[in-house]
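I opened my notebook to look up a few spots in this model.

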Amino acid sequence: MPTIRDVARRAGVGLGTVSRFLNGGSISEEKKARIMVAIRELDYQLNEVARSLSTGRSKSVGLIIPDLLNPFYPALIHGVEEVCKAAGVMVILAHSAEDKARVPELVRDVTQRGVDAIICAAGPVYPSAVSVPLVMVDRVEGSVPFDSVATDHEQGGRSAAEHLIARGHTRVMFLSGPEDNAGVQGRWKGFAAAMRDRGLTPERLVGERLEFLQGYVLAATYFQPLRSQPGARATAVFASNDLMALGVIRAVTEAGLRVPTDVSVIGFDGIDAGDYVTPPLTSVAQPTLELGRVAAELALERAYGGYAGPVRSVRLRPQLTIRGSG
């Protein structure tokens, strides 16, 4: 197997020049070209372990997400990996299984693996628990002491309510996920404000998880007893996420009601599965891929780009996607 000395000999440069090239140092364009030719001709493979020992950097980033089964997260992961791959950085994935108590443990575990930065989508992290740059993504609670990127959940909730009100609905039920979820709270805040602005009373049912079964059970419990009493029930549902909204459509249909004729349904996230139900799901779509890209860019700037400035807070606008359900 060729070594760095073989590359230097083939390129006709010193060992230190090759080392500077491999570690991103400044060398002339002419020498850089000769080294690249030598690497290709020799099929030289850089030993990343050795490089990490010499530079103190592993060229890896940890990514902590809350739920591998939620179809919202693959696009976010893809966005992170797209940016990291282009920079030659590996992504190490960890999963909290929607258990906030595990987040500090996972932060410690991925840090011990030598990552140069962490991107966390699973909930709050205390500064004292982090020894590398950290970026919060998606579930950002208020003002945080880290760089963060999230959707403007409040604006998303407001746009859902305004859309349903414009369609003539005066009783709209917000099907809530966990109340300690920052995104859910933002959606509720925007939704409730828009309803009150129009002199309407926001209604709310609270669930424990952001999943299909939770949406189904909550909606079935609410609509089944009222299926023959249209004046006693909400005529529209805004669900905290698309998975819950899909459960609502199933429950409403089983109650003998029609979507959207009897009950309009709107979700939040914009997952692909919303296209494949009948009727297709109207949803407030998050820019999920872009969330991952921006989070990765912030993390890499802290870890490798020399940025040591003030905490940055990025908020991206969601987009209401109108389909057949509401």
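**Entry one: D147**

I began with a simple check: is D147 buried or exposed? D147 has a relative accessibility of 2%, so I noted this residue as buried, given that the cut-off is under 20%. I kept in mind that this is a predicted model.

Next I looked up where D147 sits, and I found this residue in strand β5, which covers residues 147–151.

Then I asked which side chain makes a polar contact with the side chain of D147. I found that R302 does, at 2.7 Å.

I also listed the contacts of D147, leaving aside neighbours within four places in sequence. R302 turns up there again, together with L134, V135, M136, L298, P310, V311 and R312.

**Entry two: L226**

I moved on to L226, which lies in the loop between α9 (212–223) and β8 (236–239). L226 has a relative accessible area of 17%, which is under the 20% cut-off, so I wrote down "buried" here too.

Not counting residues up to four places away in sequence, L226 touches A232 and R233. I also looked up A255: L226 and A255 are 29 residues apart in sequence, and their C-alpha atoms are 9.0 Å apart in space.

Last, I turned to the second largest pocket, and its volume is about 250 Å³. I saw that 18 residues line this pocket, and that E98, R139, P178, D180 and E208 are the closest to its centre. How does the lining divide into nonpolar, polar and charged residues? I noted five nonpolar, three polar and ten charged.

Conventions: Residues are numbered from 1 along each chain as its sequence is written. This is a predicted model: local features need pLDDT of at least 70, side-chain atom pairs count only at pLDDT 80 or more; totals for chains, interfaces and linings use all residues. Side-chain values use heavy atoms; hydrogens and water are left out. On a 1 Å grid over the protein atoms alone, a cavity is a set of points where a 1.4 Å probe fits but cannot get out, and a pocket is an open set with protein on both sides within 12 Å along at least five of seven lines; lining residues have an atom within 4 Å of a point. Grid points are joined across faces, edges and corners, and a volume is the space filled by probe spheres set on the points. Ala, Val, Leu, Ile, Met, Phe, Trp, Tyr, Cys and Pro count as nonpolar, Asp, Glu, Lys and Arg as charged, and the others, Gly among them, as polar. Helices (H or I, at least four residues) and strands (E, at least two) are DSSP runs, numbered from the N terminus. Buried means under 20% relative accessible area, exposed over 50%, partly exposed in between (1.4 Å probe, protein chains only). A polar contact is a pair of N or O atoms within 3.5 Å; within protein, one must be able to donate a hydrogen and the other to accept it, and residues adjacent in sequence count only if both atoms are side-chain atoms. Contact means heavy atoms within 4.5 Å.
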